[in-house]
Amino acid sequence: GQNIDQPTEMTATEGAIVQINCTYQTSGFNGLFWYQQHAGEAPTFLSYNVLDGLEEKGRFSSFLSRSKGYSYLLLKELQMKDSASYLCAGLMNTGFQKLVFGTGTRLLVSP
Amino acid sequence: DTEVTQTPKHLVMGMTNKKSLKCEQHMGHRAMYWYKQKAKKPPELMFVYSYEKLSINESVPSRFSPECPNSSLLNLHLHALQPEDSALYLCASSQVPQGTVEAFFGQGTRLTVV
């Protein structure tokens, strides 16, 4: 299977730090993407991890552990505009590479 | 230009209608995708075109018919849809068939079948 699981919803306060977790089944796994999607809009690319470790990009960082089938997205200095859904997506090789999205996490940032 | 443009933005159609969704990109990407997204759910892959050829059909019903006239355009022809087909249809493209490069998504077409 290709189950990719995330918490359904999270809430946090402006200025805080939040970590959104993602677990996946490792069979056929080739890498992991994080996308942000505001309501009614297209998903936009945030990060890509293929090797173990932390990738930092401004206020956003993403971590991957291939052996554990685990990733997280870390958002620092939260802003109201960060309220959105965050989708982790596994690059899976099942004879042909394809992007399989996780269940998505709706993040609500409050003042 | 890093845009994927989809038209129309909204579409309401009856179950006996025939309509088409259109997607266009001018980034020179050779892979294009159709995804379906229901409310509060993640996008689900429908079709993948690689170098203008259909590479993946995720067991999508034949009432959805994709077409890739050239490397910049991707269409999705709709016929005899059901109300449960109402969803946001997202087009995406990437430089090569999904690999270690990001996919760019269009804004989507919100389809309502009545």
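## Pairing around β9(B)

Two strands count as paired if DSSP finds at least two bridges between them. In this predicted model, β9(B) and strand β11 of chain B, residues 109-113, are joined by three bridges. The two run antiparallel. Within this pairing, Tyr89(B) has Thr109(B) of β11(B) as its bridge partner.

Strand β4 of chain B, residues 31-37, is joined to β9(B) by seven bridges, and the pair runs antiparallel. Here Tyr33(B) stands opposite Ala92(B) of β9(B). Strand β10 of chain B, residues 104-105, pairs with β9(B) over two bridges, again in the antiparallel sense. There Ser93(B) faces Phe104(B) of β10(B). β9(B) is also mostly covered: eight of its eight residues are buried.

## Two buried residues of chain B

His29(B) sits in the loop between β3 (18-25) and β4 of chain B. Is His29(B) buried or exposed? Its relative accessible area is 7%, and residues under 20% count as buried, so His29(B) is buried. Leaving aside residues up to four places away in sequence, His29(B) touches Ser71(B), Ser93(B), Ser94(B), Gln95(B) and Phe104(B).

Gln25(B) belongs to strand β3 of chain B. Gln25(B) is buried as well, with a relative accessible area of 1%. A polar atom of its side chain lies 3.0 Å from the backbone oxygen of Ser71(B). With residues up to four places away in sequence again set aside, Gln25(B) touches Glu3(B), Val4(B), Met32(B), Ser71(B), Ser72(B) and Ser93(B).

## An open sheet in chain A

Chain A holds an open sheet of five strands. The order is β1-β3-β8-β7-β6, with antiparallel pairing. Which strands form the edges? They are β1 (4-5) and β6 (53-57) of chain A, and each pairs on one side only.

Asp5(A) stands opposite Thr23(A) of β3(A).

## The largest pocket

The largest pocket holds about 410 Å³ of space. Its lining draws two or more residues from each of β9 (84-93) and β11 (105-110) of chain A and β9 (87-94) of chain B. β9(A) gives the most, with three residues.

The lining has 23 residues. Those nearest the centre of the pocket are Gln37(A), Ala39(A), Ser85(A), Gln37(B) and Lys40(B). By type, the lining divides into seven nonpolar, ten polar and six charged residues.

## Backbone details

A cis peptide bond joins Thr7(B) and Pro8(B), with omega about -10 degrees. Pro8(B) is placed in the loop between β1 (4-7) and β2 (10-13) of chain B.

Glu77(A) has a phi near 45 degrees, a positive value in a residue other than glycine. Its place is the loop between β8 (70-75) and β9 of chain A. Glu77(A) is exposed, with a relative accessible area of 55%. Ala80(B) also has a positive phi without being glycine, near 60 degrees. Ala80(B) lies in the loop between β8 (73-79) and β9 of chain B. Ala80(B) is partly exposed, at a relative accessible area of 30%.

Definitions and conventions. Residues are numbered from 1 along each chain as its sequence is written. Chains are lettered from A and ligands numbered from 1 in the order in which they are written. This is a predicted model: local features need pLDDT of at least 70, side-chain atom pairs count only at pLDDT 80 or more; totals for chains, interfaces and linings use all residues. Side-chain values use heavy atoms; hydrogens and water are left out. On a 1 Å grid over the protein atoms alone, a cavity is a set of points where a 1.4 Å probe fits but cannot get out, and a pocket is an open set with protein on both sides within 12 Å along at least five of seven lines; lining residues have an atom within 4 Å of a point. Grid points are joined across faces, edges and corners, and a volume is the space filled by probe spheres set on the points. Helices (H or I, at least four residues) and strands (E, at least two) are DSSP runs, numbered from the N terminus. Ala, Val, Leu, Ile, Met, Phe, Trp, Tyr, Cys and Pro count as nonpolar, Asp, Glu, Lys and Arg as charged, and the others, Gly among them, as polar. Buried means under 20% relative accessible area, exposed over 50%, partly exposed in between (1.4 Å probe, protein chains only). Contact means heavy atoms within 4.5 Å. A polar contact is a pair of N or O atoms within 3.5 Å; within protein, one must be able to donate a hydrogen and the other to accept it, and residues adjacent in sequence count only if both atoms are side-chain atoms.
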